[in-house]
Amino acid sequence: MSISDINIPFGITQNASEHGGLVDHMLGFVHWFMLVLFIGWSAFLVYVFWKYRASNNAAADYHGVRGHATTHIEIGVVIVEAILLLGFAFPLWSHQADEYPTSADTIKMRALGEKFLWNFQYPGNDLMLSTWKLAGVTPSNVTGRELNDPNGKDDFVNPGTMKLPVGRPVIVDVASKDVIHNLALTPMRSAQDACPGVKAHMWFKPVKTGTWDIICGQLCGPGHAQMKAVLEVVTPKEFEDWSKEMSAGAKAKNDTAAAAPAAAPAAH
Ligand SMILES: [Cu+2]
């Protein structure tokens with residue numbers, strides 16, 4: 001049995017990311033600590049009810065506690081909380097916030113929230129995302145990619161499903177088209193607010209294949225509960241095949257549009 005097993009009866013989604021074990025360990029630590037405090041305080045409450053019952057103490061006691069035990073217990077609680085913050089939370093946060101993956105196999109992609117769905121932009125076969133112009137978001141360009149950027153010619157957008165390969169780090173640029181949303185990837189133990197006009201980022205590394213729901217972690221309007229997408233972690237081969245096909249399709253469409261600009265005057 002491990003410390004984080006206490007999370008299971010609380011209904012936690014199984015972890016599927018590399019760093020998620022550390023999050024679960026910290027959460028398990030907090031749960032055990034709260035359990036100890038809950039039992040301790042409950043027992044103390046029952047004890048004072050019994051000790052200071054009216055039939056036993058007819059006269060009021062104006063001095064109260066004289067010993068130092070409670071002070072020592074409080075200091076103990078402060079120490080455990082300091083260990084939680086300094087020993088677990090801060091190092092884990094700094095790892096996720098400062099040590100972004102730089103390896104060549106890192107997938108860089110974008111997620112743009114809108115009322116009420118998620119759009120995912122992939123870099124395509126050149127592994128390079130287009131430059132990102134949030135001001136350029138339109139109904140036909142839902143992620144705000146710079147359409148004249150050569151790097152973006154083979155980028156493709158997949159609304160509703162975030163498909164990823166297992167075992168490769170992923171950096172996701174996150175933003176919103178309208179109100180504040182939150183890309184909550186529970187099995188990856190990662191979540192990032194999506195704010196209009198703000199380019200935010202998150203990263204993680206899936207270590208298990210599977211299919212999960214992506215939810216919006218911010219109450220964003222009447223369709224919030226329906227703002228569901230799918231996170232699909234597949235084998236590297238399956239991802240490569242899918243990505244190549246999608247990218248080739250997007251490139252062909254872009255090339256056609258470039259060859260016949262007069263045929264589609266509204267598309268820009
Ligand atoms: Cu939302």
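In this predicted model, Ala 89 has a relative accessibility of 21% and is therefore classed as partly exposed. The residue belongs to helix α2, which covers residues 69-98. Apart from neighbours within four places in sequence, Ala 89 is in contact with Met 26 and Leu 84. Ser 130 lies 41 residues from Ala 89 in sequence, and the two C-alpha atoms are 34 Å apart in space.

Helix α1 (residues 20-51) packs with α2 at an angle of about 170°, and the axes are 10 Å apart. An angle over 145 degrees counts as roughly antiparallel, and α1 and α2 are therefore roughly antiparallel to each other. The crossing of α1 past α2 is left-handed. On the α1 side, the residues making the contact include Met 26, Phe 29 and Trp 41, while on the α2 side they include Leu 84, Phe 88 and Ala 89.

A separate feature is the copper site. The ion has the following donors, at 2.0 to 2.5 Å.

| Residue | Donor atom |
|---|---|
| His 181 | ND1 |
| Cys 216 | SG |
| Cys 220 | SG |
| Met 227 | SD |

Angles of 92 to 122° are subtended by the four donor atoms around the copper ion, so the arrangement is tetrahedral. The spacing of the donor residues in sequence is H-x34-C-x3-C-x6-M.

Definitions and conventions. Residues are numbered from 1 along each chain as its sequence is written. This is a predicted model: local features need pLDDT of at least 70, side-chain atom pairs count only at pLDDT 80 or more; totals for chains, interfaces and linings use all residues. Side-chain values use heavy atoms; hydrogens and water are left out. Helices (H or I, at least four residues) and strands (E, at least two) are DSSP runs, numbered from the N terminus. Buried means under 20% relative accessible area, exposed over 50%, partly exposed in between (1.4 Å probe, protein chains only). Contact means heavy atoms within 4.5 Å. Donors are N, O and S atoms within 2.8 Å of the metal (3.2 Å for Na, K and Ca); water is not among the atoms, so sites may look incomplete. Four donors count as tetrahedral if all angles lie between 85 and 135 degrees; four count as square planar and six as octahedral if opposite donors are over 155 degrees apart and all others between 65 and 115; anything else is irregular. Axes are lines fitted to C-alpha atoms, for helices over the stretch in contact, and angles run from 0 to 180 degrees between N-to-C directions. Angles under 35 degrees count as roughly parallel, over 145 as roughly antiparallel, 65 to 115 as roughly perpendicular and the rest as oblique. A crossing is left-handed if the near helix is turned anticlockwise from the far one by less than a right angle, and right-handed if clockwise.
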